[in-house]
Amino acid sequence: MRRKEIFVLAERCMGCHSCELACATAHTTDRNLHAAVLRGERPFAYLWVDKFGAQRVPTVCKHCLRAPCVEVCPTGAMHKAPDTTTICDHSQCIGCWMCTFACPFGACDRGDGQVLKCDRQCLDEEGVPACVRACPTGALLWMTVEEFAAERRKPRRRVAAAAAG
Amino acid sequence: MVTKCQVSLDPAVCEMYEKARRLGVETAWDRYQAMLPQCGFGETGLCCRHCLQGPCRIDPFGNGPKKGICGVDADVMVARGLDRAIAAGSSGHSGHARHLAHTLKKAIAGVAPDYRIKDRNKLHAVAKRMGIPTENRTDEEIALDVANAALADFGERETPSLWASKVLPEVRQKRLAEQHLLPHGIDYEIADIMHRTHYGADADPINLLTAGLRCAMGDLAGCYMGTDLSDILFGTPQPVATEANLGVLKADAVNVAVHGHNPVLSEVIVAMAREMEPEARAAGATGINVVGICCTGNEVMMRHGIPAATHSVSQEMALITGAVDVVVIDYQCIMPSIVNVAECMGTTVVTTQEITKIPGATHVPFKEETASEDARKILRIAIQNFARRQGRPVDIPTHKSRVVAGFSVEAIVQALSKLNPEDPLQPLIDQIVAGNIRGVCLFAGCNNIKVPQDQNFIAIARRLLKENVLVVATGCGAGALMRHGFMDPAKVDELCGEGLKSVLYAIGEANGLGGPLPPTLHVGSCVDNSRAVALAAAVAEKLGVDIDQLPVVASAAEAMAEKAVAIGSWAVTIGLPVHVGVTMPVTGGPVVTKVLTEKVREITGGYFIVETDPEAAAKKLLAAIDERRATLGLPVPGGVRA
Ligand code: SF4
Ligand code: SF4
Ligand code: SF4
Ligand code: SF4
């Protein structure tokens, strides 16, 4: 089966920031929110929920096949993993923000002096990303391109229903 | 074959859960699944909606917002949330108590003929404790003073509320007064919490927690008052044998479930059910079978041996049997969804109180003045439903456990007096000193959908009993234990360690029971957590120590309701280590979490132990008991740990 991607139905987003919190939690030592908070861990979220007018928009790396961020990275820190996800090797990142500049979506932001972006190191036992799992409204979907496109061809209401169901 | 399932340890519940799934009837567990994932901000207490600028959410990891729009930080946010939960819980218990105080006044005034002073010994004992004169006065005069004193405990007072202070050993009263932890009026403290947690008021987390604990002490007043007034009106419980679990329903009888909390309603239902037996038989039933759900079930079990059907999170399952003709409710812990289940199963839900109406239920206003008439109306609905149900198949699980309940402090002291008539508490103290009783644990609180029903209670109780900890239980914690046989004297040999076993046998045999007391002692409903306080206070006073020195702990292993938060908070305030088996929405506030689990100990001697793993929780409770034993200079099994 083809790899699944995270698709965004921004119109379903409530702006609850649960995806961000879940992403950060997935990047703690034991993926336990309470335990990590009590230990004082400070993980970042690798996606962002913004508001434009009345619209809330979650943004996460698309893991572009021909990724502009990879193309511009001078050190090769930003690279393609064997599964074609786009990953940053932080030991090589010099913090030049070229990837931030090149990414058409704003999916590379600043962390502690180095770039911050989705690394897909958050999948649960069923292989679902933490942000998708956390979203209560189905604004984030975990589907193959084919599945999503097939849904997209249907009337919009049905896409929303598929997302909810 | 015993049915097992993910949602509950109770096979009867599992059977009904599967039936509900088969029928496509939605249950709390379905709604829980639909609710997942739950929001992490809410889970950690970092969501505030106290003003219309909100909701504000603080990033617990510190990279996003660190403050609400008004500027409150994480600790203030969680402290304010906790305070409001305590205030809500306190209003529940004290509302229950106030209802009883008004009922007592109506009884004395002669306008509520179904109620009377049933236990004058208790009346005199309460009056004496509260400094109300009894010499040369009629019971009615004394009772009126008690009821008025109770009502005077609510509004703002010059002196601390009587039911939050006079019920404690003097050293504890003094210590709490010094720390400003005695409430000056139950309602007053609740309103104070609402005020100080309003936008732009208290922003000092420690100050907020102090106020929260003081309000929780108002909850203790409500609980204690609830017990006192119920005992005066309906009698102080004495040991009684009965049964628990869905197997207590009877296919050929009119089944009436009393659900909720206040015996003001359920007592009259029980009495009228007896009177209306002929009417039920005329309709073709073998009789009227009143069963309990939740705490009002505990109230009538303690006083009349009314069997318990089920508790808390599995309340819908009683209806899934198809055998319940009427569920009559008063207030608190009633899932409004029972109306939908009732509709599917042919049950009628009867609401009775102005503060708890549910669309789809039949509302029969229950007034103390017309109590028996109102009860008859309700029972008649049940008889009619039975007539309609007759012949239709029902699914009543066969599971039920034998239960010996009714252990009020008075009953415990009376049982102990058979060992030492002059000084009944001495045998208990001797056994604690000798180590046959290593300590005492109070199991309290609810079931919580986040925990497979009863799992934590059963795992922890199993371990503590083997380690010779005397277990007393209230509320749905008692419910969990009773449905699994932990209140059946025949299970003592299997469940209890040698020391505890010898004590339970000795007391049982001295009382002519021909066997032991049950492995765990049912001390009553949630308000009856006060009975555990009464016992601890009596033992502490006799030993000349404070409550925080006793090897006594508490566990709300599957806490759910805000009332449980209030109870846990006052238990910490009177000096007990209190285990909570689910995470509390305060973890987002590091200072608050540290205060509640550690620092508060310097002030009250009590503290919270938050532990979701039941085996680890049992170990922590035992460690807390042993630490206190060591400090008292008592032997500790396996020696003192460093
Ligand atoms: S960071 Fe931006 S450019 Fe790079 S793969 Fe992700 S979405 Fe594409
Ligand atoms: S910030 Fe790091 S990853 Fe991005 S382009 Fe520069 S070196 Fe590459
Ligand atoms: S979890 Fe879903 S609804 Fe909430 S902010 Fe993220 S995308 Fe939006
Ligand atoms: S009270 Fe403060 S934190 Fe709470 S919603 Fe209002 S502005 Fe936000």
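Predicted model: local features only at pLDDT ≥ 70, side-chain atom pairs only at ≥ 80, totals over all residues.

**Exercise 1. The interface of chain B and chain A**

Task: Describe how many residues are in contact between chain B and chain A, and what kinds of residue chain B contributes.

Step 1. Begin with the contacts: 16 residues of chain B meet 20 residues of chain A.

Step 2. Turn to the area. About 1400 Å² is buried between the two chains, and carbon and sulfur atoms give 68% of this area. On the side of chain B, the residues that lose the most area to chain A are B:Pro37, B:Phe61 and B:Asn63, which together account for 43% of what that side buries.

Step 3. Locate and classify the residues of chain B. Helix α3 (residues 40–44) of chain B supplies the largest share of the side that touches chain A, namely four residues. By class, that side of chain B consists of five nonpolar, eight polar and three charged residues.

**Exercise 2. The surroundings of the ligands**

Task: Determine which residues are closest to ligand 2 and ligand 3, and state how the shell around ligand 4 divides by class.

Step 1. Ligand 2 is surrounded by 13 residues, of which the closest are A:Cys73, A:Cys93, A:Cys96, A:Trp97 and A:Cys99. Its shell has 11 nonpolar and two polar residues, with no charged residues.

Step 2. Around ligand 3 there are 14 residues, and the closest are A:Cys13, A:Met14, A:Cys16, A:Cys19 and A:Cys135. This shell contains 10 nonpolar and four polar residues, again with no charged residues.

Step 3. The residues around ligand 4 belong to chain B; among them are B:Cys48, B:Cys51, B:Cys56, B:Cys70, B:Arg80 and B:Tyr199. The division by class gives eight nonpolar, three polar and one charged.

**Exercise 3. Two residues of chain B**

Task: Decide whether B:Asp454 is buried or exposed, and do likewise for B:Ser401; then identify the polar partner of each side chain.

Step 1. B:Asp454 is found in the loop between β11 (439–443) and α19 (455–466) of chain B. Its relative accessibility is 0%, and the limit for buried is under 20%, so B:Asp454 counts as buried.

Step 2. The side chain of B:Asp454 makes a polar contact of 2.7 Å with the side chain of B:His484. Residues that B:Asp454 touches include B:Leu9, B:Asn447, B:Arg483 and B:Glu558.

Step 3. B:Ser401 lies in strand β10 (residues 401–405) of chain B. With a relative accessibility of 14%, B:Ser401 also falls under 20% and therefore counts as buried.

Step 4. A polar atom of the side chain of B:Ser401 lies 3.1 Å from the backbone oxygen of B:Arg483. B:Ser401 touches several residues, including B:Thr242, B:Met482, B:Arg483 and B:His484.

**Exercise 4. Salt bridges within the chains**

Task: State how many salt bridges a search of the whole structure finds over all chains, and examine individual pairs.

Step 1. The search finds 48 salt bridges over all chains.

Step 2. In chain A, the side chains of A:Asp124 and A:Arg133 form one of them, at 2.7 Å from N to O. A:Asp124 is buried, having a relative accessible area of 19%, whereas A:Arg133 is partly exposed at 38%.

Step 3. In chain B, the side chains of B:Glu275 and B:Arg376 meet in a salt bridge at 3.5 Å, N to O. B:Glu275 lies in helix α11 (residues 263–275) and B:Arg376 in helix α16 (residues 371–389), so this pair ties together parts that are 101 residues apart in sequence.

Step 4. B:Arg380 forms a salt bridge with B:Glu279, with the closest N and O atoms 2.7 Å apart. This pair links helix α16 of chain B, which holds B:Arg380, to helix α12 (residues 277–282) of chain B, which holds B:Glu279. B:Arg380 counts as partly exposed at 35% relative accessibility, and B:Glu279 is partly exposed at 32%.

Step 5. Finally, a network of salt bridges links residues of chain B, among them B:Lys122, B:Asp228, B:Arg303 and B:Arg531.

Note on methods:
Residues numbered from 1 in each chain as written. Chains lettered and ligands numbered in written order. Heavy atoms only, no water. Contact = heavy atoms within 4.5 Å. Buried area = accessible area lost by both parts, 1.4 Å probe. Helix = DSSP H or I, 4+ residues; strand = E, 2+ residues; numbered from the N terminus. Nonpolar A, V, L, I, M, F, W, Y, C, P; charged D, E, K, R; others polar. Near = heavy atom within 4 Å. Buried < 20%, exposed > 50% of the residue type's maximum accessible area, 1.4 Å probe, protein only. Polar contact = N/O pair within 3.5 Å; in protein donor to acceptor, adjacent residues only side chain to side chain. Salt bridge = Lys/Arg side-chain N within 4 Å of Asp/Glu carboxyl O. Lists of a residue's contacts leave out its neighbours within four places in sequence.
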